[in-house]
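Hi there,

Here is the structure I promised to pass on. Have a look at it first, and then read my notes below.

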Amino acid sequence: MALRSPRSRSALVLAACCFAAALLPPAATAQPLRRPDLALREVARFGFEEQETNPSLVPRNWFRDQDDPGGVRRRGFPSWNEAALVYDAQAARQGVGAVSLPTRGGSTALLLGPGVVPVFPGTDYRVRASVRTRGLTHAAAAVSARFLDASGRPVAGTLVRSAAVRSEREWADLLVDIPGLSEQAAWLQLELLLLQPEQVGGGSGPFHVWQEDHTGLAIFDEVVVTQLPRVELDSPDPVNVFPASLKPSLRAMVRDLAGESLTLVLTARDIDGVVVDRLEKSGLSGTTSLVWQPTLPSMGWYRVDLSILGPSGEVGAAETTLLWLDTAPDSHHESARFGVCLGADELRLPDRVPAVVAHAGGGVVTLPAWDGSLTPADAPARAKALASLVGELMVGWQEVTVSLPLVPDQLSRELRIDSTGIWDVLNQSDSSWKTYAEPYFDELGSRVSKWQIGDQDQGRLFWRPALSAEIATVRTVLSAKMPRPAIVIPGGIDADWASAPPGDDHRAVSFALRVRPDADPEGLRQWAAGWAGSWASQTTPDATLAFEIGPEGAHPPRQSCAALARRVISAWAGLGGGPAADAVDLRVQSPWEVSRDARPRLRPRAELGVWRHLVRRLGGRRPIGEFPVAPGVVCYMLAPVGESEGPGALVLWNEWAPPDRAVLHEFLGDASLQVVDIFGATRPAPTPEGRGRVTLPVTDEPLFIEGVDIELARLLAAVSIDPAFLENNHEDNERAIVITNPWNVGITGRVTVLEPGGFSGDKRDRSWRVSPRTQTFAAGPLQAVRVPITVGFSLGEEASSKEFVLELDVSAGRSYEKVLVRRTVEIGSTTFGLDVGYRVAGEDLLVEARVRNKSAAPLDLGLTGFAPGQPRTTASVSELPAGKQAVRVFTFVGRASALRGQRLVVRAADRETGVSVSRSVIIR
């Protein structure tokens, strides 16, 4: 059989449509009504300018689709609401004709008859309707569309409706796209709607009271139907995730029957929105397919846009995202500590679920069984489909938890229970819920032992007084269908679940605790540490931390990714390396987007790549402490554990340190060091001072440093000055350098204090005295030693943080290179504090000194102000009570301009002890 050309096929479709039209009742044309021929994109336009040709109250070919007691019933659309034509230039958007849909209570509809707007099968269309509302408070306007077959019957599954809007002051455009998914489509049918809230939907449960408008109207004008090109953008991978060894590629397809010359534009952007590659092809028509391999600068997450341009502008578009990252199997043995929580959207694409779960890199997954649309009639089929999916996941070595997140809508109405009342449903005598649940228990009971009752929003379960008894009831129900069921209770980390585990058998209960996108990393670390401590008592159940990532677009992708990484790493650090670390698994909530259109696509979010990388970097490792960099910089040391092998790592980010202070300067070992970002992109660590000596600026985005000599890092991290405070008095301060040996062998070495004092440069600072500057030490296995030093300094030294630089030369079975250790010591007084500020009044400069008494006894203080080129000024504070503060002002009359850019110093001294504190301020 010979293949027909696109032109001949289009002619056949046109002939078929005309033949079908002959079988239908005669219909007048729209104004103007156009067939979708090969030269025009606009299919139909309804301007309602019928004052000269139509004596009827409704537009030609349109019908009032209201409730008919003698015929077809339509609940919520009472017959007294009558749509009608209006001819008024003030009411219409163009011309004088429009159509009005009023309400006197209830909804109103105007339906286009069959056989008016012919269409091509398999072609997409768009409907645009201009609307303006008057006097509506609750009701709103909308437009819907569906395909009809050649005999005028609705094609199942093609009905779509626009958003419902109110627009009282200006015209609004309602848009609805109708994808050509059916080859039976021959006609397009439109409906203009004024909908009361009950017909719009979105109520809050069976007890919701609907409010209605009993006056008001919606005016429609300029209803236009246009033919769209079919535009598709996907990739060979079902979820657009590519391994590092494979160059990403995309498939673009455009099918257009309008006969216009089109231009195709493909644009790839990185996570920051920067264009990294672009492809443009012009002069296209009919059907075009191509494969594009964009040139990407590094691994990571990218967004790709496809735009189709016609003579009058953009006529079609599509977008997708892709991930390019290391998807090789993990080398560690802890995949069961990581996983994903899926939502109902992902189950719309069950064939994609195993792939996305595998790409996430973990070994545990939560799947929802119920959603709002579930009915007893479809429960058996849906249970079988879920069981098939569970089987596929188990073949991929996934441990599955099934959740019953909510009460289906029909059951909610029957039992008069809110959709969130799943615990109420399972704990009542009415067994009607079993027709919904038992198909799932029968299909899954032999393979799934963990059942989550409710979703993470239900933190109020913690406060249910009979929760222990309710858990026992649910376990009894499940035990009839499966051996040894385990109940998972959802909640939030803000409740004290660890101190009050419900039920007698705490190992048959676990918690799924929600971590919100705005959770504070340090607070999360402290919570995890507290949970680990409670779990050690053997009375606290296991837990899952479910990390939410927020809706797409709420924050820039890079910002959202960095925040997720900080939360996960902080929780990991808090759990530590003890037994409790194995009792908590970490899961991410749906790190992908499922498109809401009729051709759903699954698009990976940038957070999926971050999660995949965190599984690889954290799994098989344990946090062994913090590594000091600078105040405000978070840095954890990670060491391999168990069956894992390989070197250690540091992971660090900047929380609040000034950029010039947020820099890592360390010798971290003899190996080649690599810096790895949160997507897995790797580069050599910057070592400008020689191999192993890293100098790395730190930002708020976590970085991993791989190849670290972790024992050396532990040694450096444990070096401290004790106490890390220097009293500003006339006497020297006796302090100690504390060095802790992390090895199982003895160590020897030498420590030198280079700074303060200028011994790391050419210029000596005689205002600082450290004695002795150099000392030797020896420490046994796992032993700490104290190396005493005496520190003195000038009374003019400001109260501030002072950096001490120590040179460490260590031998532990072998010699290490000399390394520098930087530690911060505070200078000040334990009895009083001083803050300095200023303000300008005209040409006068007023310097304010605020002193506060930190001691338990009254203080007498003397204050002195120093300004360049000005005589010193003095003030005093007498008998300042404990815990109180006082302010003294030094006034420099007429000197504001002269002192701009200069540093002014204020010194406060305790008249009894001689302890003094200095602070300065630069006049801007």
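In which loop is Pro-772 found? Pro-772 is in the loop between S43 and strand S44 (774–779), and the bond that joins Ser-771 to Pro-772 is a cis peptide bond with omega of about -10°. There is another cis bond to look at: the one from Glu-755 to Pro-756, with omega near 5°. Pro-756 belongs to the loop between strand S42 (747–755) and strand S43 (768–771).

Before you go on, some ground rules. This is a predicted model, in which local features need pLDDT of at least 70 and side-chain atom pairs count only at pLDDT 80 or more, while totals for chains, interfaces and linings use all residues. Residues are numbered from 1 along each chain as its sequence is written, and side-chain values use heavy atoms, with hydrogens and water left out.

Now the overall picture. The protein has 12 helices and 54 strands; these are DSSP runs numbered from the N terminus, helices being H or I with at least four residues and strands E with at least two. Along the principal axes, the C-alpha atoms fill a box of roughly 110 × 80 × 60 Å. Of the 924 residues, 52% are buried (buried is under 20% relative accessible area, exposed is over 50%, and partly exposed is in between, with a 1.4 Å probe and protein chains only). Leu-190, in strand S11 (residues 187–195), counts as buried because its relative accessibility is 0%.

Next, some strands. S7 (residues 124–134) and S10 pair in the antiparallel sense over 7 bridges (two strands pair if DSSP finds at least two bridges between them). Opposite Ile-178 in S10 stands Tyr-125. Strand S10 (residues 172–178) has two faces: Ala-172, Leu-174, Val-176 and Ile-178 make up the covered one, and Asp-173, Leu-175 and Asp-177 the uncovered one.

Strands S31 (residues 621–626) and S32 (residues 633–640) are also antiparallel, with 4 bridges, and Glu-626 stands opposite Tyr-636 in S32. S31 and S32 form a hairpin with 6 residues between them, and Gly-632 in its turn has a positive phi of about 100°.

Asn-240 has a phi of about 60° and lies in the loop between strand S13 (230–234) and strand S14 (241–243). Is Asn-240 buried or exposed? Its relative accessible area is 4%, so Asn-240 is buried. Arg-416, with phi near 55°, lies in the loop between helix H5 (409–415) and helix H6 (422–426). Arg-416 counts as exposed because its relative accessible area is 57%.

What about the rings? The whole structure holds 14 aromatic pairs (rings of Phe, Tyr and Trp, the last by its six-membered ring, pair if their centres lie within 6.5 Å; planes under 30 degrees apart count as stacked, over 60 as edge-to-face and the rest as tilted). Phe-338, Phe-547, Trp-572 and Trp-611 form one aromatic cluster. There are charges over rings as well: the charged end of Arg-74 sits over Phe-77, 3.8 Å from the ring centre (this takes NZ of Lys or CZ of Arg within 6 Å of the ring centre and within 35 degrees of the ring normal). Arg-764 lies over the face of Phe-759, at 4.2 Å from the ring centre.

On a 1 Å grid over the protein atoms alone, a cavity is a set of points where a 1.4 Å probe fits but cannot get out, and a pocket is an open set with protein on both sides within 12 Å along at least five of seven lines; lining residues have an atom within 4 Å of a point. The second largest pocket has a volume of about 660 Å³, a volume being the space filled by probe spheres set on the points, which are joined across faces, edges and corners. Its lining has 31 residues, and Leu-342, Gly-343, Ala-344, Gln-589 and Ser-590 lie nearest the pocket's centre.

There are 6 cavities of 30 Å³ or more. The largest cavity has a volume of about 90 Å³, and residues lining the largest cavity include His-665, Phe-667 and Arg-822. The second largest cavity comes to about 50 Å³, and strand S16 (residues 262–269) gives the most to its lining, with 3 residues.

Enjoy exploring!
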